[in-house]
Amino acid sequence: MRKTTTLLTTALTCAMALQASCTALAAEDGVLRTAVLYDMTTMDVAKTSDNYLVPMNVFDRLFETRKTEGGNAQIVGSLCTDYQVSEDGLTYDFTLRDGVVFSNGSELTASDVQYTFERLLKAGQENMDIPGEVAGAEQVISKEADTLEGFKVTDDLHFSVTLSNPNAGFTAELSAPAMSIVDAETMEKVKNFGKAPEDTIGSGPYIVTEWKTNDHYTLEYNPKYWGEEPSVKKVIVNVIPDANTQNLMFQNGELDLLDLQSLDTAIVESTYKTMYESQIVSTPKVGLTYLTFNENQEYLKDANVRKAICMAIDVDTIIASLYNGNAIREHGIIPTGIWAHNDQLAGYSYDPDGAKQLLSQAGYKDGEVAFEIAQDSAADSNIKLVCQAISEQLKAVGIKANIKSYDHAAWLDLRNSSKMDSFVAVWGMDYNDPANIMYTFFGNEKNTRQRSLNYPDTATMERVSAARAVMDDTTREQEYQAIEKKLIEADAVWCPLFESLHLYCMGDRVESFTPHWAGFSDFYAADVVLK
Amino acid sequence: MLRNILIRLLQAVLVLLGAALLVFIMLRIIPGNPAAVLMGEHADTAVIEKMTKELGLDQPVHVQLIHYLAGALRGDFGTSYSLGKPVSQLMASAFSNTLILALMASAFAWLVGIISGIIAAVKKNSILDHLFMGVSLLGVSMPVFMAAMVLQFFFSYKLKIFPIAGTQSFAGFILPAVALGWNSAGSVARLVRSTLLEILEEDYIDTARAKGRRQMGVLILHAMRNAMLPVITMMAIQLSGMLSGAVLTETIFSINGIGRLAVQAITGRDIPLLQGTVLFSAALVILGNFLADSLYHVLDPRIRKEA
């Protein structure tokens with residue numbers, strides 16, 4: 001009996017000690033605990049376009065994209081307090097905010113901005129597009145020149161940028177996380193920037209204080225930050241590769257903010273939309289899910305086939321069944337949330353009989369049209385289901401769309417080779433300008449080839465490119481919408497599907513949260529207000 | 001004995017070289033450029049080509065092989081493409097977690113497996129025997145991920161005794177160790193029971209009993225020593241398997257271990273990291289087998305004599 005009592009007492013003591021160690025993980029005041037599925041690979045925007053949580057919170061940009069009350073976005077000055085554009089749209093004169101210092105205490109000057117632009121070009125890896133527009137960029141890339149010819153520093157607070165070609169969306173581009181301003185002095189000293197927290201020096205509201213690979217990273221408030229002090233003083237980002245574990249952690253009070261995107265939609269519907277309904281924050285994930293057509297493919301080169309495919313896909317059913325209605329039907333190229341988005345664009349309605357008729361009129365027998373949908377094995381599970389749904393719906397009108405799964409590297413190789421028949425993918429917008437999607441896909445031959453579109457109409461591509469230079473917003477909007485109408489309704493360049501809604505759930509410690517306006521999941525921690 | 005060790009060492013080197021060559025060749029045969037994965041979906045071909053050059057993937061295969069083997073001999077597996085850190089450093093950091101997890105899981109499996117196996121054998125056909133064998137069957141047949149999720153749900157979410165994920169505290173390792181060791185405990189219990197039952201029928205056991213040895217003495221000194229021989233082989237293989245990575249357990253409980261690192265390497269087509277983790281796992285399997293053989297020598301005088 002005594003032995004049993006001793007054993008029970010020991011077990012109870014152990015259990016209490018373990019429970020105490022778990023309670024020790026409870027949050028302190030001002031701490032926001034969140035989770036991501038994958039760890040970041042680097043904090044350096046010159047080497048990644050996948051993970052922007054650190055760049056967005058640790059660095060500043062000349063401009064920021066901020067959500068307006070109506071859910072739209074506007075470009076607001078951040079480090080830049082004033083700017084002027086020349087009449088030809090080529091030269092921008094900027095004034096920097098006075099008194100901004102990096103977290104190491106050194107002053108942020110125009111030379112740091114110049115260094116940021118030139119560094120992206122010299123690194124020659126990610127995010128070269130925007131500084132690549134500045135006059136003399138090619139010489140810097142090819143190492144013929146060390147500095148950008150089009151970048152002139154007047155004094156510490158003033159500089160001008162001259163572009164090779166006019167671009168009305170330039171300030172919007174400068175709000176992208178890719179254009180995070182770095183400290184030139186630190187960069188010169190550091191060998192492998194983006195890997196060590198102590199080297200990641202920015203002027204933003206937070207400092208990276210810890211990064212334990214595949215475990216967690218921590219951001220803490222930067223007391224030298226020039227802006228308003230945020231409610232969140234410390235952010236702990238846990239790397240939790242299993243979505244269900246994240247779900248349990250949130251429900252157990254171990255996380256304060258949960259991205260519901262990776263959770264099974266059944267759990268979101270049954271648990272979150274019932275138990276946490278008032279704590280869910282929903283925002284459009286600004287971007288487009290689309291099905292591509294390779295115009296070099298035997299059947300897809302025929303516009304009638306492409307139109308028939310668009311008519312044979314029941315997008316509303318896909319949204320209702322696979323996304324539980326958490327998506328917006330899209331009809332064009334410029335998605336909802338982008339300032340030139342056209343609500344009036346008719347696009348294609350679901351009409352399987354019309355699709356069959358169109359194929360028959362074009363001279364195709366039932367079952368003759370065939371192509372392959374290349375599926376990226378690394379794609380989101382919902383995208384894989386979308387591919388299956390499309391394949392089945394096309395089968396119903398006599399089109400064989402065979403799905404073939406490729407390893408991510410092989411998929412990229414095939415797509416870049418311009419020989420991929422078709423694929424379903426998502427384009428997330430980086431900044432609020434239609435060029436971010438129009439020019440990227442249809443701006444020139446190289447762009448359409450690289451995405452296996454092989455769009456042949458060079459005149460339209462020239463129009464897309466030229467639209468970037470139209471400085472009057474109204475004229476530019478009209479031009480983009482006219483081009484979009486042609487690309488979709490006349491050429492059926494791709495089949496637009498939907499823009500998904502991004503759901504987050506706030507924990508009991510969170511008062512409010514405003515998700516960032518963009519096509520990616522990262523957010524500003526300063527937009528979270530704790531109770 | 002020395003000759004035996006030398007032969008085993010030579011075999012180990014050959015197996016390691018074979019594994020190194022196999023993974024190197026396979027990674028070069030499968031389609032897809034790692035530089036394209038590294039640069040992301042939006043990188044243009046010029047950028048991908050530049051990165052291909054920087055990674056040395058444009059060099060002839062034999063040059064890449066020489067670099068790889070020469071590095072591996074020095075313990076330098078290069079720098080991870082995706083994580084940007086030396087592979088050896090990443091593996092060392094992940095291995096410490098995997099080692100704790102594997103040792104705890106093995107301790108659990110062996111303790112539970114051996115004790116329940118002995119009780120089941122001694123109390124053959126009793127309720128206890130049926131109970132332990134039923135539970136061990138459940139252990140053998142239940143997938144690790146399911147055991148992990150069930151344990152996580154009850155002990156972390158419902159009872160809040162253990163953390164749901166992470167290894168910030170020692171308590172964080174307990175549930176993953178039980179989940180990982182559960183399956184092995186079942187196998188060990190069943191093997192101990194069946195081996196022990198056979199041995200308990202042997203003449204020398206009757207002799208020991210006739211000499212007046214107590215039941216416990218017969219069991220421990222005579223029966224278990226022989227019954228442990230196949231069990232040790234199984235345990236050594238189980239341990240080396242656990243040490244080379246428990247992907248599902250590490251993923252569900254968010255443990256930065258070798259298994260997760262290997263999966264990351266595969267999905268990101270991270271050649272140096274993948275080569276490093278494969279070689280490391282191969283070395284651990286060889287070590288596990290070597291350990292089992294050595295223990296055989298210690299425990300079985302017949303093998304010592306043959307050697």
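1. Helices (H or I, at least four residues) and strands (E, at least two) are DSSP runs that are numbered from the N terminus, and two strands are said to pair if DSSP finds at least two bridges between them. With these terms in hand, S6(A) and S7(A) can be described as a hairpin with 2 residues between them.

2. Some remarks on conventions are needed before going further. This is a predicted model, in which local features need pLDDT of at least 70 and side-chain atom pairs count only at pLDDT 80 or more, while totals for chains, interfaces and linings use all residues. Residues are numbered from 1 along each chain as its sequence is written, and chains are lettered from A and ligands numbered from 1 in the order in which they are written.

3. With S5 (residues 91-96) of chain A, S7(A) pairs in the antiparallel sense over 5 bridges, and A:Phe94 stands opposite A:Phe159. With S6 (residues 151-155) of chain A, the antiparallel pairing runs over 4 bridges, and A:Lys152 stands opposite A:Ser160. A residue is buried if 20 or more other C-beta atoms lie within 10 Å of its own, exposed if 12 or fewer, and partly exposed in between, with C-beta atoms placed from the backbone.

4. Elsewhere in chain A, strand S10 (residues 234-239) runs parallel to strand S1 (residues 31-36), to which 6 bridges join it, and A:Arg33 has A:Ile236 as its bridge partner. Strand S9 (residues 216-221) of chain A pairs with S10(A) in the antiparallel sense over 5 bridges, with A:Tyr217 opposite A:Val237.

5. Chain B is divided into domain 1 (20-73) and domain 2 (98-306), the bounds coming from an automatic or database domain assignment. The contact between these domains takes 9 residues from domain 1 and 7 residues from domain 2. On the side of domain 1 that touches domain 2, helices H1 (2-29), H2 (34-39) and H4 (61-73) of chain B give two or more residues each, and H1(B) gives the most, with 4 residues. The residues of that side divide into 8 nonpolar, 1 polar and no charged, where Ala, Val, Leu, Ile, Met, Phe, Trp, Tyr, Cys and Pro count as nonpolar, Asp, Glu, Lys and Arg as charged, and the others, Gly among them, as polar.

6. Between the two chains, the contact takes 42 residues from chain B and 38 residues from chain A. The elements that each supply at least two residues of chain B's side include H5 (87-122), H11 (247-252) and H12 (258-267), and the residues of that side divide into 18 nonpolar, 17 polar and 7 charged.

7. The largest nonpolar core has 228 residues, and those with the most contacts inside it are A:Met438, B:Val188 and B:Val192; such a core is a set of buried Ala, Val, Leu, Ile, Met, Phe, Trp, Tyr and Cys residues joined through C-beta atoms within 7 Å. H5(B) gives the most to this core, with 15 residues.

8. Helix H12 of chain B is largely enclosed by the rest of the structure, because 7 of its 10 residues are buried. The buried residues of H12(B) pack against H5, H11 and H13 (271-299) of chain B. H12(B) is followed by B:Arg269, whose phi is positive, near 45°.
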